[in-house]
Every structure is written in structure tokens, then in C-alpha cells.
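Hi there,

Here is the structure I promised to pass on to you. Have a look at it first, and then read on for my notes.

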Amino acid sequence: MTEINLAKEYADTVIKAIDNKSEELRTISLQIHEKPELSYEETFAHNLLVIYLKDQGFKVTPSAYNVETAFVAEFSSKGGEGRIVSFNSEYDALPGIGHACGHNLIAISGVAAAIALKAVFEKHEIPGKVKLFGTPAEEIGDGKIDLIKAGAYDDVDISLMVHPSPYEGSFYNYYALESWNIEYFGRNAHAAGIPWEGINALDAMVLAYNNIGLLRQQILPTDRIHGVITNGGKAPNVIPDYTSAGFMIRAKTLENLRALKPRVQKCFEAAATATGCTEANGTKDPKITRKRELFDVKINSPLGERYEEYLRKFGIEFKPKVEQEKVSLGSTDQGNVTYVVPGIHPLYDIKAPQGSGNHTIGFTNAAKTEFAHEATLTASKGIALTALDFLIDDEFAKQVKDAFNTSNGGLHWKDSM
């Protein structure tokens with residue numbers, strides 16, 4: 001049989017394997033959607049997926065990498081050792097609005113792709129191995145970083161996942177991000193009787209907020225700084241001795257983010273000094289509690305282009321790569337993964353109502369529709385077929401690795417997470 005015919009036979013196996021599991025995957029998706037769980041609390045989704053994957057013949061490790069709601073499912077071909085491909089399933093929800101980012105769909109997308117490659121290994125015995133990582137807590141940004149630091153991705157060659165959205169494409173940008181919690185400590189006083197005895201922590205927060213507003217004129221157009229005051233005081237006739245706020249600092253690249261952060265920090269420090277909060281109550285101000293950095297997504301062009309090539313065969317249309325690259329969206333811990341292993345994070349459209357993008361109740365409702373399910377299966381076929389090509393096509397695998405090496409990717413990034 002010619003190589004072309006073999007490749008077609010492999011691809012047919014992928015497509016048939018996913019189609020055959022459609023009804024079961026739909027049931028799992030709806031079960032996860034109907035029982036939304038917050039980051040690191042995804043016990044129901046974790047157990048549901050672990051049991052299903054065991055039933056499908058995978059070797060499954062629940063509560064993997066010392067993370068209670070993470071798992072890894074593995075299957076190796078009898079055809080011998082080869083390259084190792086991996087997929088990610090997410091399944092955490094958002095407070096108050098449930099699966100408004102469609103993680104019930106991402107959960108089954110990884111399962112579908114892993115099942116498809118398992119079917120190829122069993123029928124055709126090509127060399128290789130597939131790993132499916134259950135990655136909790138994407139919404140607060142920590143889950144995949146936990147897995148990276150525990151060595152989950154050390155032996156895999158690529159990491160593929162898809163994400164529902166109002167867009168179609170592999171090349172939309174995701175920001176690097178660091179989240180800060182800011183606290184100022186002052187001194188109470190009666191606001192009418194003896195205000196001069198107070199040190200106003202709210203003044204410090206307002207001044208810092210305004211400092212950042214002025215800084216925005218001097219930063220890159222692709223930089224973002226946004227925040228909210230979470231505690232502005234308790235009563236208008238009391239000088240506040242404590243205020244707090246949450247801020248997010250984003251930039252197009254990790255390098256840009258690390259250049260921006262010291263400038264933002266000075267805005268907070270200057271406000272503390274100007275208001276006298278700096279040493280109030282013996283506490284050096286401001287107190288800044290930083291979450292771990294989310295890295296921008298290093299989109300591997302050969303993987304992204306191959307994914308879009310396959311999706312076009314299913315009738316999906318894409319904006320040109322150059323147009324996609326002009327758009328920057330949110331942030332994701334898949335970015336950190338793409339710094340240590342070649343990867344992509346394509347978006348696919350589930351036709352949410354106009355104005356109902358991710359993180360809206362309209363998107364929550366769209367994530368349980370039959371259309372969203374079918375779109376998820378199509379995207380799953382795209383990443384499965386792309387991973388298959390990486391396993392069987394040495395030249396394509398070399399292109400993927402060369403592009404990754406050119407981008408300075410590698411396991412050395414683990415130390416800075």
C-alpha cells in the first residue's frame with residue numbers, strides 16, 4: 001500500500017473513532033456542564049473522566065503530580081517506541097456563571113483526540129505514545145504550571161489543545177499575565193473630628209489607580225493594566241486604615257511583561273510614600289502579593305498551519321494568519337506549556353449569540369448546544385490528525401522541532417515559573 005493510501009487509512013481511523021464516541025462524549029460534556037466546579041475543586045469532573053478513560057483501555061493515574069484533581073491517561077503502541085504526543089483537557093468553571101469558557105467542551109476534546117490516536121495505534125501499530133493530561137484550575141492560572149514543575153511534560157514532544165470561542169484560528173495571540181493583590185495600611189481617625197490624625201489608605205489606593213491611568217499613555221499599545229478596588233474602607237466618616245485591590249498586568253510577550261512590571265510597581269510605591277502609608281502600623285507598604293506568571297502562547301507555526309489545513313477539509317474557514325496575529329485575547333496557562341514543549345491553542349467557533357463572548361452567561365448556554373458539541377468534535381479531529389502527522393512524518397516533526405528551537409523554547413523555562 002502506498003504512503004498516501006496508508007495516511008488516508010490512518011486519517012479515516014481517526015475520524016471514525018471520534019464519530020463512534022460522539023454520543024458518549026456528549027453525555028460527559030453535559031454532565032460536567034450541569035455540575036460546574038471551581039478551580040482545584042473539580043472532583044466530579046476528575047472522577048467522571050478517570051473512570052471513562054479507564055473503561056476505554058487507557059492506563060490512568062488519578063490525582064496525578066500531587067494535584068488532587070489532575071490526571072494523566074496514557075496509551076502506548078505495540079508498534080514500538082516513537083514520538084510522544086499529548087493533549088490537554090480542562091474542566092474547571094467560573095464563579096456564578098458556570099462553564100462560561102466552555103471547559104466542558106475542552107474536557108471532551110482532549111478525550112476524543114486521545115481515543116482517536118489509541119484507535120490508530122491498535123489498528124495500524126504505528127510507533128508512538130499518546131498522553132492526555134487532565135489539567136485543573138485554568139481559570140485561576142495555576143493548574144498547568146503545577147504539572148510543568150512536577151515534570152508532566154518533560155518527556156512529551158508536543159502539546160495540543162483547542163478552545164471554544166467566537167473565533168476560528170490557530171494564530172490569535174494570548175497575553176503574558178501576572179496578577180497582583182495590593183494592600184495599603186494606614187491609620188483610623190474620625191473623618192470630621194480629627195482627620196489630621198489619620199493616614200488614609202484609600203487615598204493611597206486612589207492615587208495608585210490614577211498613577212496607572214497616567215502610565216498607560218507611555219506603555220506599548222499591546223500592554224494592558226486593569227484592576228478593581230476590593231476593599232475601600234468601611235464607613236465614610238472613618239479614615240480608612242486598610243484598602244485592597246486586585247490588578248492584572250498583561251503584555252504581548254513575557255519579555256514585555258517583565259519590562260512593564262517594575263514600572264507598575266513604582267505607581268503603587270509612590271502612592272504609599274505620598275500618603276504616608278509607607279510605614280503605617282509598622283507594616284512596610286504597599287504589600288503586593290503576586291501570583292505566578294502566565295506566559296504568552298508560543299504558537300508553533302507548523303502545528304498551527306497543519307491544524308488549519310485539516311479543518312478546511314471539514315469546511316471551516318479562517319482569516320489569514322496575518323489578520324489573526326493582530327488580535328490579542330486573554331491569557332492561559334497553556335502559554336507556559338508552549339515555552340517548554342511545542343504546542344498550539346487553536347480557537348473554534350461555537351456560535352454563541354452576538355455579544356456573548358467567553359465569560360458571559362450567553363456563552364455558558366452556548367457551551368451545551370448540539371452545535372457546540374459538533375464543533376468540538378471537528379476541532380478534536382483537527383488536533384488528532386495533526387498529532388498523527390507528527391508521529392508518522394519525520395520531516396514534519398523536524399519542522400515542528402526546528403520552529404520550537406528557533407523560538408528559544410525548552411525545559412530551561414521551568415526554573416522561571
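In what sense do strand E1 (residues 59–62) and E2 pair, and over how many bridges? They pair in the antiparallel sense, over 4 bridges. Please keep in mind as you read that this is a predicted model.

The whole chain first. The protein has 13 helices and 12 strands, and 56% of its 417 residues count as buried. The C-alpha trace spans about 90 × 45 × 40 Å along its principal axes. A compact globule with 417 residues would have a radius of gyration near 22 Å, so the 24 Å of this protein agrees with that. Of the contacts between residues at least 6 apart in sequence, 79% join residues at least 24 apart. The accessible surface comes to about 17,700 Å², and carbon and sulfur atoms account for 52% of it.

Ala-73 itself lies in E2. Is Ala-73 buried or exposed? Its relative accessibility is 0%, so Ala-73 counts as buried. Setting aside neighbours within four places in sequence, Ala-73 is in contact with Leu-53, Phe-58, Lys-59, Val-60, Val-130, Lys-131 and Leu-132. For a sense of distance, the C-alpha atoms of Ala-73 and Asn-211 are separated by 49 Å, with the two residues 138 apart along the chain.

In soluble globular proteins, nonpolar side chains tend to be buried together. Here the largest nonpolar core has 64 residues, and Phe-58, Phe-87 and Val-130 have the most contacts inside it. Helix H4 (residues 103–124) gives the most to this core, with 12 residues. There is also a second, separate core of 49 residues, which includes Val-72, Ala-152, Tyr-153 and Ile-212.

Beyond its neighbours within four places in sequence, Val-130 is in contact with several residues, among them Ala-73, Glu-74 and Phe-75. The list of its contacts also includes Phe-58, Val-85, Phe-87, Ala-114, Leu-117 and Phe-121.

Methods
Residues are numbered from 1 along each chain as its sequence is written. This is a predicted model: local features need pLDDT of at least 70, side-chain atom pairs count only at pLDDT 80 or more; totals for chains, interfaces and linings use all residues. Side-chain values use heavy atoms; hydrogens and water are left out. Two strands pair if DSSP finds at least two bridges between them. Helices (H or I, at least four residues) and strands (E, at least two) are DSSP runs, numbered from the N terminus. A nonpolar core is a set of buried Ala, Val, Leu, Ile, Met, Phe, Trp, Tyr and Cys residues joined through side-chain atoms within 4.5 Å. Buried means under 20% relative accessible area, exposed over 50%, partly exposed in between (1.4 Å probe, protein chains only). Contact means heavy atoms within 4.5 Å. The radius of gyration is taken over C-alpha atoms; the globule rule is 2.2 Å times the number of residues to the power 0.38. Accessible areas come from the Shrake-Rupley method with a 1.4 Å probe; for residues, only the protein chains shown count as cover.
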